[in-house]
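Have the model open beside you as you read.

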Amino acid sequence: IQADGTDGNCVTFVLHDEDHTLGNSLRYMVMKNPDVEFCGYCITHPSESKINFRIQTRGALPAVEPFRKGLNDLMAVCQHVLSTFEVRPFLRSL
């Protein structure tokens, strides 16, 4: 969903079947990008499992680029944690 009066640098993405777990983690990853001016999310209603995720970038960078990069970076971090956990089985007994 693109905000009115913008050229793609301010976009709200609707993520279905998601909650604070993805919202907060993804917001953190996206905000690490220096080209992002604003990033935030909200849960529309406690009984709905969807979030509105808004990104506004500086300049001509389309908001979909830091969104995509944030998702890829978050997947890489999760993969690293998973592989580290599998390599060190003694941690599972803690």
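Start at Cys10, whose bridge partner in E3 is Gln56. Helices and strands here are DSSP runs, numbered from the N terminus, with at least four residues (H or I) for a helix and at least two (E) for a strand. Before going further, please note that this is a predicted model, in which local features need pLDDT of at least 70 and side-chain atom pairs count only at pLDDT 80 or more, while totals for chains, interfaces and linings use all residues. Residues are numbered from 1 along each chain as its sequence is written, and side-chain values use heavy atoms, leaving out hydrogens and water.

Back to the strands. E1 and E3 run antiparallel and are joined by seven bridges; two strands pair if DSSP finds at least two bridges between them. E2 and E3 also run antiparallel, again with seven bridges, and they form a hairpin with six residues between them. In that pairing, Val36 stands opposite Thr57 of E3.

Buried means under 20% relative accessible area, exposed over 50%, and partly exposed in between, using a 1.4 Å probe and protein chains only.

Next comes the largest nonpolar core, which has 15 residues; Leu15, Leu26, Val30, Phe53, Ile55 and Phe67 have the most contacts inside it. Such a core is a set of buried Ala, Val, Leu, Ile, Met, Phe, Trp, Tyr and Cys residues joined through side-chain atoms within 4.5 Å.

Finally, which aromatic pairs does the whole structure hold? A search finds two. Rings of Phe, Tyr and Trp (its six-membered ring) pair if their centres lie within 6.5 Å; planes under 30 degrees apart count as stacked, over 60 as edge-to-face and the rest as tilted. Phe13 and Phe67 are stacked, at 4.0 Å centre to centre and 5° between the planes. This pair links distant parts of the chain, with Phe13 in strand E1 and Phe67 in helix H2, 54 residues apart. Phe53 and Phe67 form a tilted pair, at 5.9 Å and 50°. Phe53 lies in strand E3 and Phe67 in helix H2, so this pair ties together parts that are 14 residues apart in sequence.
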